[in-house]
Amino acid sequence: MKSTRRPTDANRTGMDASDHADGMRSLTAIAEPSDLAREDLATLRQRAIKDAPATGSPPPAPDAARQVVLDLLSARLAYERAGTRLYDAVIAKATAGQRFAGGPTSADLTLIRTQEAEHRALLQEAILELAGDPTLVSPGASLEMVASLGLLQAVQDARTDLGECLTPLLIAELADRAAWASLIETVDAAGFDELADRLRDAVEHEEEHLMKVQGWLRAYRVWRLEGNGRRPSASRGPAVRQVTTKATAVVRGQKRKAVVRRKR
Amino acid sequence: MTLDLLREKGIPLDRQTPLSWSALAGIPTSKLDSDAFTRARIILMNGIEAESLRSKHLLARPMADLRPTLARVRRIEQQQQTLVNWLLPADLSPIETTIAYEQVAIELTAHIAEVEPDPYIAQVHRFGLLEDFDHYYRFAALADRAFGIDANAIGQCYSDIMPGRPTIVEHRAPDDDLRRPYDKHRADPLTKLNALTLVAGETQTHDYYMAIGPMFADPVARRLYAEIASIEEQHVTQYESLTDPTESPLERWLLMEAVEVYNYWSCLEQETDPRIKAIWERCLAQELGHLQVARQAFETIERRDSAEVLPRTLPAPIAWRSHRDFLRRTVSAEAGLRARGSDFVSAREESAATRAYRQAVNADGSPSEAVALGWTWAPGGDLAQPEPVLAGIRRDGTNRGRKP
């Protein structure tokens, strides 16, 4: 098969980009599926699920209600900690000079970050008030930590720009708003009414955060539709300083003549 | 109780049966409930098994007659490694696993440095210890500042989180990482077990960072893993250079089997989780069987008595406990030490080669310094603390305009 040189910054993932697509398509006519399993994937998972213990023990508490509430507070605390770091990463993009019409400034993002940090402090106080340990990682907290890792990973990547980071922020804010509402309902139902009232302030903030992120995301999409925001891909980035040896000069076409000339 | 290495036969190799995939990849430990030292033992034994496999592959290459025997031993050891390493749970994220790896390095090396009978080699261990101690601090800062994770939830208060010998000055020219080897005829058996245990531990740490470093998105994390992985390679060089180069490959195999027996026995002696204890017991019995195979090969091929190489009884088990006081004393007395050739010197006596190398790798700044600028550990992490602690530097590492 003849190989065609493509520019190094062209997307290669789709089959239309490949000279070998016909060969790959022809495979579907001849390949047979694997058929030696005694049990399928779903059955194997079922078996593992039935055998699996809990990820860990809940926070110690004198009764079930307090234990559930402490687990949820610990979970929210873990999420707000990760959320604060999520905003740190997005603020870094804005501070690095990334902007678009209708998008957030560093100050806009810092305000939300401050509020996320305040929510964390509020949750810490709430845990202490219920005689809990705010440094304890509850099963709910561990779950939130795992769930938020992908969001952090998406925004921390130096290659994702301010606008792209709004998608993981939207996921974070949607989840945060719903989780706060659910937390307050549970705290209320467990009989901690005063605490529930204090936590309500945070929900208002979360509503605002969500509205803002949705607005910025809308503005970003418009800005992109107007033809803005295309950036060079990895292959255009700075390279390690090139070292040319006699051997590599032969491989590199443009240097061959120089080497040949020297030999003469 | 101790083990008589020459009399304990364990399970003969031909009676060591393979486990199924579901038994190998069974129920993991709990990130939240398992003791940090149970996790530490799991991590070290994974490293020991990895080293055992690697060294037996190297041994097999020039020894055609031994290949079948080595292949049979390796098959069981690969299963042991799987059984052990799959005890780590999925919710232990790569950064948290890193914290746990560094805790292993700290507490294991502290124990080894304390019990090492050779004063020069004990100094080598203390030297390496202070560098891993610093890595624990740097990674803890990363966990907090990039992920909002308190490293102490993993370390469970056993290990201090504070600077050791700053990572930025740990970068040395290769010649300054080579130490003087023990003399195989005169060295205490414990000296040999200690060195080989640390080679295994540091190699797996290096390999782990090399595998996961590129998976991080955060640019500081990517660079920090690159930086600390390079130190782990220096540590492998250091500990490997402690071994007597005149030890024959079969002698080294025999010692490696003894290392495995010693380490599993240490795990078994101190394990608090009954389910994991049963795994250590199984692996110990298997390793005693592998030791018999190695003895037989050594005695047949080299026509030497394995009692020349093996200690009759094992030294006291590795003490899996907090070494806080020893560490604080060592940091305070020896963080300022540097290495020149195989000697330990003051900072101003470092070699020109080391200075030049360090300048080259730190030319664009230091990830290990950047990540921890102005950071000290406090319960619940940075965010749980009141704002500024150092003049001009916020706890989140951003500078308020004043140079530190």
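**Close-up views of the two-chain model**

View 1. Buried here means under 20% relative accessible area with a 1.4 Å probe and protein chains only, exposed over 50%, and partly exposed in between. The model is predicted, so that local features need pLDDT of at least 70 and side-chain atom pairs count only at pLDDT 80 or more, while totals for chains, interfaces and linings use all residues; side-chain values use heavy atoms without hydrogens or water, residues are numbered from 1 along each chain as written, and chains are lettered from A and ligands numbered from 1 in the order written.

**View 2. B:Tyr101 and B:Tyr208 form a stacked aromatic pair.** Their ring centres are 4.6 Å apart, with 25° between the planes (rings of Phe, Tyr and Trp, the last by its six-membered ring, pair with centres within 6.5 Å; planes under 30 degrees apart are stacked, over 60 edge-to-face, the rest tilted). Because B:Tyr101 lies in helix α4 (residues 94-115) of chain B and B:Tyr208 in helix α7 (residues 189-212) of chain B, the pair ties together parts that are 107 residues apart in sequence (helices are DSSP runs of H or I, at least four residues, numbered from the N terminus). B:Tyr101, like B:Tyr208, is buried.

**View 3. B:Tyr208 also pairs with B:Tyr209, and this aromatic pair is tilted.** The centres of B:Tyr208 and B:Tyr209 lie 6.2 Å apart, and the angle between the planes is 55°. One aromatic cluster is formed by B:Tyr101, B:Phe139, B:Phe147, B:Tyr208, B:Tyr209, B:Phe216 and B:Tyr225; over all chains, the count of aromatic pairs comes to 17.

View 4. Of the area that chain B buries against chain A, B:Leu32, B:Ala217 and B:Leu383 supply 27%, more than any other three residues. Chain B brings 29 residues to the contact and chain A brings 27 (heavy atoms within 4.5 Å).

**View 5. A salt bridge joins A:Arg85 to B:Asp382 across the two chains.** The closest N and O atoms of A:Arg85 and B:Asp382 are 3.8 Å apart (a side-chain nitrogen of Lys or Arg within 4 Å of a carboxyl oxygen of Asp or Glu), and the interface holds 2 salt bridges by this rule. On the side of chain B that touches chain A, helix α5 (residues 119-147) of chain B provides the largest share, 4 residues.

**View 6. A:Arg221 is found in helix α7 (residues 193-225) of chain A.** A:Arg221 counts as partly exposed because its relative accessibility is 44%. Between A:Arg221 and A:Leu111 the separation is 110 residues in sequence and 23 Å in space, C-alpha to C-alpha.

Technical notes
Buried area is the accessible area (1.4 Å probe) that two parts lose on being put together, summed over both. Helices (H or I, at least four residues) and strands (E, at least two) are DSSP runs, numbered from the N terminus.
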